Amino acid sequence: MQLWLRYAEFQDSCARLLARRGGGGAAASAAAAAEKAVSILTRGLEVHPKEPRLLRALMAASERLMQPEDLLDRWVGLVIQGVDCLCCMVVLFVVRVTLQS
């Protein structure tokens, strides 16, 4: 399970290195890394369903790609599915989005 997390984190490291080298725009590299991380973490969750660390990492990576309303719907869907550890994360997300508005 830890390997999935490290592999997803590795995508961010690669994006930062590419941005420093000038290989494409920094925003494009970051978006591509987030998309790869979401894909990796989604696959990890197929193997380890409801693993809290994978779920939190997936939602953090998704935050860079999704609109707040869509992300909130995803959070709530996970909580409804019975992923209790995410309740606090939903509240924190709502507070952060509210403060940014």
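In α3, the buried residues are L54, L55, L58, M59, A61 and S62. Looking down the α3 axis, these buried residues sit within an arc of 160°, so they line one face of the helix. Keep in mind that this is a predicted model.

**Helix α3**
- Helix α3 covers residues 52-63, twelve residues in total.
- From its first C-alpha to its last, α3 reaches 16 Å, close to the 16 Å expected at 1.5 Å a residue.
- As background, an α-helix has 3.6 residues a turn, so residues three or four places apart point the same way.

- V38 belongs to helix α2.
- With a relative accessible area of 15%, V38 is buried, because the cut-off for buried is under 20%.
- Leaving out residues up to four places away in sequence, V38 touches L58, A61, S62 and L65.
- Take S62: V38 and S62 are 24 residues apart in sequence, yet their C-alphas are 6.4 Å apart in space.

**α1 against α2**
- Helix α1 (residues 2-21) and helix α2 (residues 26-47) have axes that come within 9 Å and cross at roughly 170°.
- The two helices are therefore roughly antiparallel to each other, since angles over 145 degrees count that way.
- Sorting the residues of this contact gives 14 nonpolar, three polar and three charged.
- On the α1 side, the contact residues include W4, L5, Y7 and L18.
- On the α2 side, they include I40, L41, R43 and V47.

Key:
Residues are numbered from 1 along each chain as its sequence is written. This is a predicted model: local features need pLDDT of at least 70, side-chain atom pairs count only at pLDDT 80 or more; totals for chains, interfaces and linings use all residues. Side-chain values use heavy atoms; hydrogens and water are left out. Axes are lines fitted to C-alpha atoms, for helices over the stretch in contact, and angles run from 0 to 180 degrees between N-to-C directions. Helices (H or I, at least four residues) and strands (E, at least two) are DSSP runs, numbered from the N terminus. Angles under 35 degrees count as roughly parallel, over 145 as roughly antiparallel, 65 to 115 as roughly perpendicular and the rest as oblique. Contact means heavy atoms within 4.5 Å. Ala, Val, Leu, Ile, Met, Phe, Trp, Tyr, Cys and Pro count as nonpolar, Asp, Glu, Lys and Arg as charged, and the others, Gly among them, as polar. Buried means under 20% relative accessible area, exposed over 50%, partly exposed in between (1.4 Å probe, protein chains only). The expected span of a helix is 1.5 Å times one less than its number of residues. The arc is that of the directions from the helix axis to the C-beta atoms.
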